[in-house]
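Here is a short briefing on one protein model. Please read it with the sequence and the structure open.

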Amino acid sequence: MDEQIQSRQRPREQLPTSEEEWRQRLSPEQFEVLRNKGTEHVFTGKYAFTKDRGTYRCAACGEELFRSEAKYDSGTGWPSFFEPIARGAVELQEDLSFGMRRIEVTCARCGGHLGHLFDDGPEPTGERYCMNSISLSLEPDDAERDGVVD
Ligand SMILES: [Zn+2]
């Protein structure tokens, strides 16, 4: 018997199945945005001005959501991207709250609230994914060596 197959992907942990489990797993600030669809205060998020190269993962479930190459300075005070890392990484739905018609962006894997999508972004997509820093976790490119077996 050969025991092969160390999957190259990191193991997928079980996601919480209730809001109570999410509450235990996330910080109160993260819970407010990711599960209650809150919005962090403008210019306060830790990634508002970040230019580091790397992959932005979902802070709740770890799914890869955005690459730093798609991040740009939108001047809005929230981290903004012109495209997700893959079309299936995020889900979009109409959000009619606060008397506005907006497109809500959620993590396709865990359903966590990430932010909103607007159509005033730069080329090549013209899209602006306006995200909450607290919903994201940046994995710098040099950290990719971790977990690589020489
Ligand atoms: Zn997620």
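Which residues coordinate the zinc ion? The donors are C58 (SG), C61 (SG), C107 (SG) and C110 (SG), at 2.3 to 2.4 Å. Keep in mind that this is a predicted model. The protein chain has two helices and nine strands.

**Fold**

- Along the sequence, the protein chain reads α-α-β-β-β-β-β-β-β-β-β.
- The protein chain has 150 residues, and 41% of them count as buried.

- The spacing of the zinc donors along the chain is C-x2-C-x45-C-x2-C.
- C61 sits in the loop between strand 1 (54-58) and strand 2 (64-67), while C110 sits in the loop between strand 6 (102-107) and strand 7 (113-118), so this pair ties together parts that are 49 residues apart in sequence.
- What is the arrangement of the four donor atoms around the zinc ion? It is tetrahedral, because the donor atoms subtend angles of 102 to 114°.
- The cut-off behind that call is that all angles must lie between 85 and 135 degrees.
- For comparison, the ideal angle for four tetrahedral donors is 109.5 degrees.
- Are C61 and C110 buried or exposed? Both C61 and C110 are buried.

**Salt bridges**

- The count comes to 13 salt bridges.
- K37 lies in the loop between helix 2 (28-34) and strand 1, and E104 lies in strand 6, so the pair ties together parts that are 67 residues apart in sequence.
- K37 counts as partly exposed because its relative accessibility is 45%.
- E104 is buried, with a relative accessible area of 6%.
- R53 and D141 also meet in a salt bridge, at 3.5 Å from N to O.
- R53 lies in the loop between helix 2 and strand 1, and D141 lies in the segment after strand 9 (136-140), so this pair ties together parts that are 88 residues apart in sequence.
- R53 is exposed, with a relative accessible area of 51%.
- E94 forms a salt bridge with R101, and the closest N and O atoms are 2.6 Å apart.
- E94 counts as partly exposed at 48% relative accessibility.
- R101 counts as exposed at 58% relative accessibility.
- Which residues do salt bridges with shared partners join into one network? They are R53, R67, E69 and D141.

**Second largest pocket**

- The second largest pocket has a volume of about 150 Å³.
- Its lining consists of T39, W78, R102, G115, H116, F118, R128, C130, M131 and N132.
- Strand 7 and strand 8 (128-131) each supply at least two residues of that lining.
- By class, the lining has four nonpolar, four polar and two charged residues.

**Loop between strand 7 and strand 8**

- D120 lies in this loop, between strand 7 and strand 8.
- D120 is partly exposed, with a relative accessible area of 46%.
- How many residues separate D120 and F82 in sequence? They are 38 residues apart in sequence and 9.5 Å apart in space, C-alpha to C-alpha.
- P124 is also found in the loop between strand 7 and strand 8.
- The peptide bond from E123 to P124 is cis, with omega near 5°.

**Positive phi angles**

- F43 is a residue other than glycine, yet its phi is positive, near 65°.
- F43 lies in the loop between helix 2 and strand 1.
- F43 is partly exposed, with a relative accessible area of 48%.
- F98 is not a glycine either, and its phi is positive at about 60°.
- F98 is found in the loop between strand 5 (90-95) and strand 6.
- Is F98 buried or exposed? F98 is exposed, because its relative accessible area is 71%.

How values were computed: Residues are numbered from 1 along each chain as its sequence is written. This is a predicted model: local features need pLDDT of at least 70, side-chain atom pairs count only at pLDDT 80 or more; totals for chains, interfaces and linings use all residues. Side-chain values use heavy atoms; hydrogens and water are left out. Donors are N, O and S atoms within 2.8 Å of the metal (3.2 Å for Na, K and Ca); water is not among the atoms, so sites may look incomplete. Four donors count as tetrahedral if all angles lie between 85 and 135 degrees; four count as square planar and six as octahedral if opposite donors are over 155 degrees apart and all others between 65 and 115; anything else is irregular. Helices (H or I, at least four residues) and strands (E, at least two) are DSSP runs, numbered from the N terminus. Buried means under 20% relative accessible area, exposed over 50%, partly exposed in between (1.4 Å probe, protein chains only). A salt bridge is a side-chain nitrogen of Lys or Arg within 4 Å of a carboxyl oxygen of Asp or Glu. On a 1 Å grid over the protein atoms alone, a cavity is a set of points where a 1.4 Å probe fits but cannot get out, and a pocket is an open set with protein on both sides within 12 Å along at least five of seven lines; lining residues have an atom within 4 Å of a point. Grid points are joined across faces, edges and corners, and a volume is the space filled by probe spheres set on the points. Ala, Val, Leu, Ile, Met, Phe, Trp, Tyr, Cys and Pro count as nonpolar, Asp, Glu, Lys and Arg as charged, and the others, Gly among them, as polar.
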